[in-house]
Amino acid sequence: STQFEIRGLTASIEEKQILKGIDLKINGGEIHAIMGPNGTGKSTLASALMGHPKYEVTGGEVSLNGEDVLEMGVDERALAGLFLAMQYPSEITGVTNADFLRSAINARRGEGNEISLIKFVRQMEAKMKELEMNPEFMHRYLNEGFSGGEKKRNEILQMMLLEPKLVILDEIDSGLDIDALKIVAAGVNAMRDEARGFLIITHYQRLLDYIKPDFVHVMMQGRIVKSGGPELAERLEAEGYDWVKEELGIVD
Ligand code: ADP
Ligand code: MG
Ligand code: MG
């Protein structure tokens with residue numbers, strides 16, 4: 001089963017240190033949630049793990065099943081099974097959703113092991129149905145003119161088809177109404193197994209009513225300052241973050 005580990009990760013953006021030493025271990029089958037106020041570095045953590053060039057990793061280690069992730073380029077990380085559903089997915093004109101997905105799947109399967117077009121189309125159609133997506137999205141340009149909710153469903157569609165080993169969802173719940181949220185959550189829950197771990201970044205406890213985390217971590221000022229179980233998310237929802245700051249003597 002999958003083992004993902006982050007040790008002492010530090011990272012900066014434009015010379016400003018954002019991540020100040022993140023430690024986190026995720027085993028296959030586990031769902032970890034990271035919650036925290038705006039601007040504490042949650043998206044930075046996600047981007048740094050994926051190898052986004054804007055974020056400079058200045059220290060620490062990241063491993064996926066014993067492989068050094070920080071040594072890998074962006075494409076290699078995706079091939080190794082890292083997946084990020086982004087807070088703001090980008091639009092790519094001229095590339096259809098189906099083309100994009102088929103190349104991504106084939107890159108992951110490797111040369112000589114490509115999925116047949118028919119099999120791919122069948123799988124894509126089946127997953128789109130599960131996500132209650134309009135079949136026309138297959139041939140639309142990637143994310144172009146998609147609503148916020150459609151983009152989020154499309155990110156989950158990618159996850160389902162790519163079968164990653166580590167799934168990072170960055171505020172997948174933002175811009176989703178309750179029905180869409182339930183559909184997205186069902187998609188995630190269907191993918192939950194020993195082969196993959198999940199890191200779910202969210203502002204709101206609401207998402208965690210539908211995707212039940214095993215562990216909840218609070219991130220503040222570039223560090224994980226507190227970890228617990230689902231009850232921690234409930235307390236944050238009810239009382240906000242001030243009590244955590246008081247408990248830990250954090251001044252902002
Ligand atoms: P969160 O996801 O927790 O809201 P972010 O990781 O997006 O926080 O941001 C952490 C800090 O890094 C903030 O102070 C933010 O302004 C800064 N930051 C994030 N992305 C960039 C960027 N591309 N360029 C400059 N500063 C950034
Ligand atoms: Mg934010
Ligand atoms: Mg963010």
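1. A term to start with: a residue is called buried if 20 or more other C-beta atoms lie within 10 Å of its own. Please keep in mind as you read that this is a predicted model.

2. With that cut-off, look at strand E6, residues 82–85, which is covered on both faces. Leu82 and Leu84 are buried on one side, and Phe83 and Ala85 are buried on the other.

3. What does E6 pair with? Its partner is strand E9 (residues 166–170); the two run parallel and are joined by four bridges. Within this pairing, alanine 85 sits opposite leucine 169 of E9.

4. Helix H5 (residues 148–162) passes a simple length check. Its 15 residues at 1.5 Å each should span 21 Å, and the end C-alpha atoms are 21 Å apart, so the two agree.

5. Buried residues of H5 include Lys152, Arg153, Ile156, Leu157 and Met160. The helix's buried residues pack against E6 and E9, and also against helices H3 (97–109), H4 (117–130) and H6 (178–190).

6. Helix H1 (residues 42–50) is mostly covered, with eight of its nine residues buried; among them are Lys42, Thr44 and Leu49. Glycine 51 follows H1 and has a positive phi, near 85 degrees.

7. On annotation, an unreviewed UniProt entry lists residues 4–246 as "domain: ABC transporter". Across that range the chain is 37% helix and 30% strand, with its end C-alpha atoms 31 Å apart.

Definitions and conventions. Residues numbered from 1 in each chain as written. Chains lettered and ligands numbered in written order. Predicted model: local features only at pLDDT ≥ 70, side-chain atom pairs only at ≥ 80, totals over all residues. Buried ≥ 20, exposed ≤ 12 C-beta atoms within 10 Å, placed from the backbone. UniProt positions renumbered as here; feature names shortened; annotations may be inferred. Pairing = 2+ DSSP bridges. Expected span 1.5 Å × (residues − 1). Contact = placed C-beta atoms within 7 Å.
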